[in-house]
Amino acid sequence: MSNQEKHWEKSRGLLMITLAIWFVFSIGIFLFGAEMNEVTGPFGYPWTYWFTCQGSLGAFVILIFWFANRQEKIDEEFGFSEREDE
Amino acid sequence: MKQGNFIDNLPKIYGIYTGGFIGFIIIMAIAEQMGMTAKAIGIAFVAFTVFIYALIGYLSRTAQADAYYVAGRQVPTVFNGMATAADWMSGASFVAMAGGIYFKGYGYMALLVGWTGGYVLVASLLAPYLRKFGCYTVPDFIGTRYGGNLARFSAVVVLTVASFTYVTAQINATGTIASVALDIPFQYAVYIGLISILLCSMLGGMRGVTWTQVAQYIVLIIAYLLPVFWISNKMGAGFFPHFMLADEVARIGELESQFGFIKNSAADLATVPKGLAGITKAHSAVNATPWAFISLALAMMMGTASLPHVMMRYFTTPSVKAARKSVGWSLFFIFLLYSSAPMLATLSKLSLIDPNLSTGIIGKSIAEVQAIDWYQNWNQANLMFISDFNGNGTVELNEFFMGGKAVVLATPEIAGLPYVISGLVAAGGMAAAMSTADGLILAIANAISHDVYYKIIDPKAETAKRLVVARVLLVVIGFAGATIAAMEIQGILGSVIWAFDFAMSGLFFPLVLGVWWKRANRQGAIAGMLGGLAAGAWYLVWVRTGGSGFLGITQLTFGIFGSAVSLVLMVVVSLLTAEPDKATQKMVDEVRVPSGKPILGKQ
C-alpha cells in the first residue's frame, strides 16, 4: 500500500470517530430526551435542557479543534503537511 | 492599504476599534443622562456603525481577482472565525432566535443544535479539501471535479435558489431595524439597508466583506451579551447567567404548572394582531417527539455544510491547516451568542410572568398593565397585546401576547435598562443582518460572474472586465432581493430555514461525494443536484398545498427528502455510467492531501 493510501485510510478512520462523536451529541442524546430531562445535570439544569443550551454546542467546538489537531498529526506522519512558506 | 503590514497589525487595529466602540457606548450613555432623546440615540447608533462599515468597505477596495474573490487568501484563522460567525449569524439568529425559544421551548432549540453541529461536518468532510482545491466559488469546485459546463451550471442554479431565498429574509431584517431605529416607512428602509450592504461589498468584494464582517461581529456580540449579563445581574439571577439560571428555569416550570396552558378559543385568537403569540409550550420540559427534534436538527446540520456563503469563507485562509482550525474558531464565536439565547429567553420570560417580581404582569389588573410605559410603546409597535378573554379583570398567561422580535428588542426596556442599551441592540441586529446579506449577495454574484460569465460565456475576459461584471451583478441581485423583501411575502425565520433545505437538497451529496467517493462522476452529480433540488421543491409545494407529507417530514425539513433523493440518484446514475477518467481520479487523490500546489493554481 502506498504512502498516500495509508494516509487516506488513517484520515478516514479519524473521520469515522469524529462523526461517531458528532452523532452522539447531535442525535443520540435526543433519542432519550424525555427520560434524561428528569435527571438534574450540570449547574442544576435538567440534563436534556442543558445539552440543547450549552452541552452539545460546547462539545462540537471541542470536537472540531480535537479533529483538526489529530488530522494535522496524521498529515505530518506521512509527510503531507504544508510547508510553512506563507 | 498595505496588505502584509495590515495583516500583522490586525489585533491592534480591531483592538482600537473595539475600544472606540465601547467609548461610543459610554458617550451615548452620558448623552442620555444629559437629555438626549431615545430616537436620537437610536439614529446615532445605527448611523455611526453603518458609517464605519462603509469606511472599511472603501479602504478595502481592490482591482485584483484574487483579492476580490477570496480576500487574497491571507485571512488569519481567528479573524476568519469572527468573519464567518458574523456571516453565519443572521438577523434571524440575533432578533428571532431568543423569541422562538421563549415561545416554543425545547422543540425550537433543535435549531441551536442544528446550526452548531453542522460545523463538525464542515470541518471534517469539506472545508479543508475545498481549500486545497483552490477554487474561487463552490460551483468552481463542482465544475472542475466533475467537469463540464452543465455540472457547473447546475451548481450555480442550486446556489442561487438557496442563497436568494435566504437573502430576501436578511434584507427584510435590515429594513425592519432601519425603519424602527430611523423611524421611516419599511418600504424605504429596505433600500437604505440595501445601500449600506452594497457599500461594504462593492468596492472590495470578499476582501471588503471580510474586514467589515469582523467589525460587525464585534458590534453584534457586545450588543447581545451586554444586556443578557446586565439583566441577569439586575434581577439578582446571578452574575454569570449561563451557569446560574437553574433556579430561574425551575421557577418558570413551577409557574407554568400553577397557571396551566389554557387554550384560547378561535374567536378570541382572531382578535389578536397578526404575528403575535402567547406562551403555549413548556419552557424546559421535553415537548417534542425525538424525531421532530432530530429531523429538524439534522436538516439544519446538513444545510450548514451545503451553504455556499459559509463554505467560501474557508477559501480565504492561508492554508488547509488554517481552514480546519478556522472552522473551530467560527463555531466558538457562534457558541458565544447561541448559548446566550436560551438564557435571554429565560430571563425575559421570568421577568414577565413571575408575579413576585416588580416587572411581572401576570396577575395584575388589565388597566394597570395598560398604563405601563413600555407596554404602551410596544403595543403601538404592534409587538405586544393583552386582552381580557375571561372578563375577570386581571391578566392571565393565556391573555398576554408578544411578537418574536420583542424578546430581544423589548426585554432591556422591560427590565428597566437605560435606552442606550436598546440603541446598542438595534445596531447589533443591523450588523447581524447586514453581514449575512453581504456574504449571500456576494456568493450569488461571484458564482454568476465567475462560473457563468467567465468560465462558460467568455473565458478570455480580462480581469478588469470580470470585476465590472461581478459588481454590476452585485447591485442587480441586491435590488432584486430588496424588491422582493419590500413585498413582505414570507416571515424572516421561515425563509431562512427553507434556504437550508434547498441547499442540502441540491448540494450536500454532490459536494461530499466529490471528495469522499472517487467513483462519483459527472452524470451522477448532475442527476443528484437537479433531481435533489426538484424533489425538495416538489415536497415543499406539496405540503404547502395541503399534502399530508410522510415520515413526519414537514415543510421545515423537506431537505431530508430532497437530499435522500439526491443521494440515491447520484449513486445509481454514477454506477450505471462510466467511471471518471484517470486525470479526475488523480485530482481527487491530490485534493486529499494538504501538501502540494492547489488544483486550480494561483491566478
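Chain B of this predicted model contains 27 helices and three strands. Along the principal axes, the C-alpha atoms of chain B fill a box of roughly 80 × 55 × 40 Å. Of the 603 residues in chain B, 57% count as buried. Contacts in chain B were also sorted by sequence separation. Among those with a separation of 6 or more, 84% join residues 24 or more positions apart.

Confidence was examined for the chain and for the complex. The mean pLDDT of chain B is 85. A value of 70 or more is reached by 98% of its residues. Among the elements of chain B, helix α26 (residues 558-576) has the highest mean pLDDT, at 93. Helix α1 (residues 3-8) of chain B has the lowest, at 72. For the complex, the predictor gives an ipTM of 0.93 and a pTM of 0.91.

The two chains touch through 40 residues of chain A and 42 residues of chain B. On the chain A side, the elements that give two or more residues are α1 (3-31), α2 (33-36) and α3 (47-77). Of these, α3(A) gives the most, with 18 residues. By class, this side of chain A has 22 nonpolar, 14 polar and four charged residues.

In soluble globular proteins, nonpolar side chains tend to be buried together. Here, the largest nonpolar core has 227 residues. The members that touch the most other members include F60(A) and I64(A) from chain A. They also include L126(B), L130(B), L220(B), I441(B) and I444(B) from chain B. Helix α22 (residues 419-457) of chain B supplies the largest share of this core, 20 residues. L130(B) shows how such contacts are made up. With its neighbours within four places in sequence left aside, L130(B) is in contact with C135(B), F141(B), M311(B), Y314(B) and F315(B).

A173(B) has 30 C-beta neighbours inside 10 Å. The cut-off for a buried residue is 20 or more, so A173(B) counts as buried. A173(B) and T18(B) are 155 residues apart in sequence. In space, their C-alpha atoms are 25 Å apart.

Key
Residues are numbered from 1 along each chain as its sequence is written. Chains are lettered from A and ligands numbered from 1 in the order in which they are written. Two residues are in contact if their C-beta atoms, placed from the backbone, lie within 7 Å. Helices (H or I, at least four residues) and strands (E, at least two) are DSSP runs, numbered from the N terminus. Ala, Val, Leu, Ile, Met, Phe, Trp, Tyr, Cys and Pro count as nonpolar, Asp, Glu, Lys and Arg as charged, and the others, Gly among them, as polar. A residue is buried if 20 or more other C-beta atoms lie within 10 Å of its own, exposed if 12 or fewer, and partly exposed in between; C-beta atoms are placed from the backbone. A nonpolar core is a set of buried Ala, Val, Leu, Ile, Met, Phe, Trp, Tyr and Cys residues joined through C-beta atoms within 7 Å. pLDDT is the predictor's confidence in each residue, from 0 to 100.
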